[in-house]
Amino acid sequence: MIIHNARLRGRDGLHRITLDDERIAVIEAQHALHPIAEGDLDAAGNLVVPPFVEPHIHLDATLTAGEPAWNMSGTLFEGIERWAERKALVTHEDTKTRAKKTIDMLVDHGIQHVRTHVDVTDPTLAALKAMLEVREETRHLIDLQIVAFPQEGIESYANGRALMEQAIELGADVVGGIPHFENTRDQGVASIKFLMDLAERSGCLVDVHCDETDDPQSRFLEVLAEEARVRGMGARVTASHTTAMGSYDNAYCSKLFRLLKMSGISFISCPTESIHLQGRFDTYPKRRGLTRVAEIDRAGMNVCFGQDSIVDPWYPLGNGNILRILEAGLHICHMLGYEDLKRSLDLITDNSARALNLGEGYGLEVGRPANLLILSAPDDYEMVRSQGHALVSVRHGKVLMRRTPAQIERA
Ligand SMILES: Nc1ccnc(=O)[nH]1
């Protein structure tokens, strides 16, 4: 298959991309118009990019909002309570059906790489076992990483450590954590030492829900970063949320950034979820409740955006469209300056791929997998401004999804 008339990020002019089954075979500047053969694709001067990445979602909880009760306060903590009620009703088939429905929503928006957190604070590990099957059964659609996520804590939940170890033995790819939810600060610190040991032993990646609160005293990020630095594991470690950083004193944050940079860890922000869940104990002025996305980026560190939830106890909306998250995030994080807009797709493509350690399994380069998107606009700025879409998603050298843009008729 050949993709003609493709505009590539960071390169001038139009390009032709030749796919050789499962790999990208040739990328060449296009000087003359080339006849488009049957089975080829015409990008029509629009961007061709590697697939969008969903770096942070909870596929085991998706599509459960209101079952059995809605989160009325809008806080993270009520979300965890409501989820505990729904979790008691989880079955193998129920988890698989909801996860697959949600994966279809992601695929329809050009996502082909997903990292999902799966709650392992369940003595039966029912959701994890279901999601391990989903990972295999959806390989034709997405590459899925599963995080062993201790929603109710490692140290504060009965047999929390054993459940984490079992989850990794069963085949989870990533070690998770939730230090700000542990009963005490000491338990939070102990949970991070434990999960970093587990990751080091097993060779797994790390992605910790870290300081997802407006409490400026929640300082587990420094512990995670220092553990990553000392063990030389930074490239394999991600801190998700870190919303407390939006409430840290600047003097502390300035010292913290030195450590963060040395550690080499990545960051994931979920802007729609955080603007919804955080700031809930404020009157006015009301905090935005997000981490310092622009500042992390300016400091040369890796940061990306995720959806987090689709219709679950923490967030009632969502449709799989990561571009919606990008648009919201750019607004909320004061990133509508031209310099940010013109490279904004980094936040849902290359930066996310780096956080997920996708390495040579990702990117528009010869020899890499024949996975790519044709977008509806010629550059990042226009893509965000026009609220564009992925029009074609190609996976393993074949068209996986095609979207026909809405037609408008006027008298
Ligand atoms: N944003 C979140 C969703 C689900 N669980 C959490 O702890 N946080």
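**Cavities and cores**

Guide: Start with the largest cavity, which holds about 80 Å³ of space. Keep in mind that the model is predicted.

Visitor: Why is this space called a cavity?

Guide: Because a 1.4 Å probe fits there but cannot get out, the space is a cavity and not an open pocket. The count is 3 cavities of 30 Å³ or more.

Visitor: Which residues lie nearest the centre of the largest cavity?

Guide: His58, Leu76, His209, Glu212 and Trp314 do, out of 14 lining residues. Helix H1 (76-87) and helix H8 (271-277) each give two or more residues to that lining.

Visitor: What makes a set of residues a nonpolar core?

Guide: Its members are buried residues of kinds such as Leu and Phe, joined through side-chain atoms within 4.5 Å. The largest core here has 90 residues, and Phe52, Leu260 and Phe267 touch the most other members. Helix H5 (residues 185-202) supplies the largest share, 7 residues. Domain 1 (1-49 + 362-400) and domain 2 (50-359) each contribute at least three residues. Apart from this core lies another, of 17 residues, including Ile3, Leu8, Ala370 and Leu391.

Visitor: What is phenylalanine 267 in contact with, beyond four places in sequence?

Guide: Its partners include Leu221, Met245, Leu260, Ile296 and Val303. Thr238, Thr242 and Asn302 are also among them.

Visitor: How do you know that the predictor is confident in the chain?

Guide: pLDDT runs from 0 to 100. The chain's mean is 97, and 100% of its residues reach 70 or more. For the complex, the predictor gives an ipTM of 0.99 and a pTM of 0.98.

Terms used
Residues numbered from 1 in each chain as written. Heavy atoms only, no water. Buried < 20%, exposed > 50% of the residue type's maximum accessible area, 1.4 Å probe, protein only. Helix = DSSP H or I, 4+ residues; strand = E, 2+ residues; numbered from the N terminus. Domains from an automatic or database assignment. Contact = heavy atoms within 4.5 Å. 1 Å grid on protein atoms, 1.4 Å probe; cavity = no way out; pocket = protein on both sides within 12 Å on 5 of 7 lines; lining within 4 Å. Points joined across faces, edges and corners; volume = space filled by probe spheres on them.
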